[in-house]
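Colleague: I have the model open. Can we go through how its parts pack?

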Amino acid sequence: MKVTFKIWRQEQSDAKGALKSYEIDGLSEDMSFLEALDFLNESLVLKNEKVIAFESDCREGICGSCGVFINGRAHGPHDNMATCQVHMRSFKDGDTIVVEPWRAGAFPIVKDLVVDRSAFDRIIEQGAYITAKTGTAAEANAILIPKEVADSSMDVAACIGCGACVATCKNASAALFVSAKINHLNKLPQGQPEGHKRLLEMTTQMELENFGSCTFTAACEMECPAEISISSIAEMNARYIKAKFFG
Amino acid sequence: MNLFFRKSIVAATGLFLCIFLMVHVSANIILVFPEATARSLYNAYSTTLRESMLISIVAYLLYLSIIFHVVYAGIITYKNRNSKGVQNTINHNKENSSWASQNMGVLGMLILIFIIIHLVNFWARVKLGIGETVGTDMAGNIDVYEVTFTLFHNPYYVLFYSILMLPLGFHLHHGLKSAFKTLGFYHKKGLSVLAKISLIYALILSVGFGIIPIIVYFK
């Protein structure tokens, strides 16, 4: 399989970047997209050229480290899938594949396809946890939680923090990520005592990091590898209005 | 003034404008009645509106809503562009979101142009008395029907009034459902019902407003 990669190359955050073309032959349809990039990098090493910087870790869709804009879509052509889960069979022989980094003011480019997502970490630091010492594993039924509540909390807890929601959003809004982190805890009895504080501090940090506001284009829920629904954002808004007006 | 506040203002004013539009399109139906009935009924209706204290208050709320909706939407759009920064070279956002949702600003600008011309055509003449004097009908009411009838016998205005209802339809289709979500409506089944209601609402409004000038033209 032969394709042409057009990849964003940028030496460092304040350098000027540009798309650079790489024709590469000998790929297999069974390769993952990241393996194809590895293959390309090996060929660059042999040519004594600088390799393309990109992030990855688990390569099974659970860690959230990979994430690039492939042919105009966050995480590539499929809905609800991480970059590492995309295979070369999703492309045709002879295709040109444009690969760009996540674009958002809050995610400055570090190098090539690697962006700095520490804005997410700083939001997490504002309360995406409970302060109680949990000790050893508690008796499972010590706090009774209805199944539907536990399920809906798990649905948003699935967020892997990859940043695709921000990257695909025309406003670079982090609302899907932040709502997932808030609702995950605020839905559960363990998270409720610090619920308002968490909500206000995390959303304030979201704004300080210069993420945009959500206009419900719903692009994020289509690209989210964890399939988090935008109803999570509406739920965060409901909690916010409740916290502001009713304390 | 945070993200939530700004967006809630746009949503709340937008919903108020949605209610107004429903009343407006219902009243416009009078225009398609036979001329004798339409003229007296439409003029009597507009006189009632002009003389009502309650409607005057609602009218001021309406002006304020339009201004706040436009100003805050403008601020949000500006800030959001700033948040996004550099755009991707290729973006296939049609594959993950509706065209209307990606272009609410452009659609809103078209609607604003429409509103200004619409106000010049009617509000400025009838309420402010600018331009050609408007006569009265047999019952002594200001003949707003005549203003409408004359305007909609100009094919350019008919085209303008009908075509500009397309962006209105797209804007309302996304805006109505988005406003509810902004204001915290998150029931999942409710949201899918809301999506259908938004579509039906947008269709009724755009087709309703758009077809009446054409009917009047052929009267």
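Modeller: Terms to begin with: axes are lines fitted to C-alpha atoms, for helices over the stretch in contact, and angles run from 0 to 180 degrees between N-to-C directions. Helices (H or I, at least four residues) and strands (E, at least two) are DSSP runs, numbered from the N terminus. This is a predicted model, where local features need pLDDT of at least 70, side-chain atom pairs count only at pLDDT 80 or more, and totals for chains, interfaces and linings use all residues. Residues are numbered from 1 along each chain as its sequence is written, with chains lettered from A and ligands numbered from 1 in the order in which they are written.

Colleague: At what angle do α7 and α9 of chain B pack?

Modeller: About 160°, with the axes 7 Å apart; α7(B) covers residues 155-163 and α9(B) residues 188-217. The two are therefore roughly antiparallel (angles over 145 degrees).

Colleague: Which residues meet there?

Modeller: Val158(B), Tyr161(B) and Ser162(B) from α7(B) meet Gly210(B), Pro213(B), Ile214(B) and Tyr217(B) from α9(B). Contact means C-beta atoms, placed from the backbone, within 7 Å.

Colleague: Switching to chain A, what are its domains?

Modeller: Domain 1 is 3-110 and domain 2 is 118-246, with bounds from an automatic or database domain assignment. Their centres, taken over C-alpha atoms, are 29 Å apart. In the contact, 19 residues of domain 1 of chain A face 18 of domain 2.

Colleague: And how many residues does each chain give to the A-B contact?

Modeller: Chain A gives 34 and chain B gives 35. On the chain A side, α8(A) contributes the most, eight residues.

Terms used: Parallel < 35°, antiparallel > 145°, perpendicular 65-115°, else oblique. Contact = placed C-beta atoms within 7 Å.
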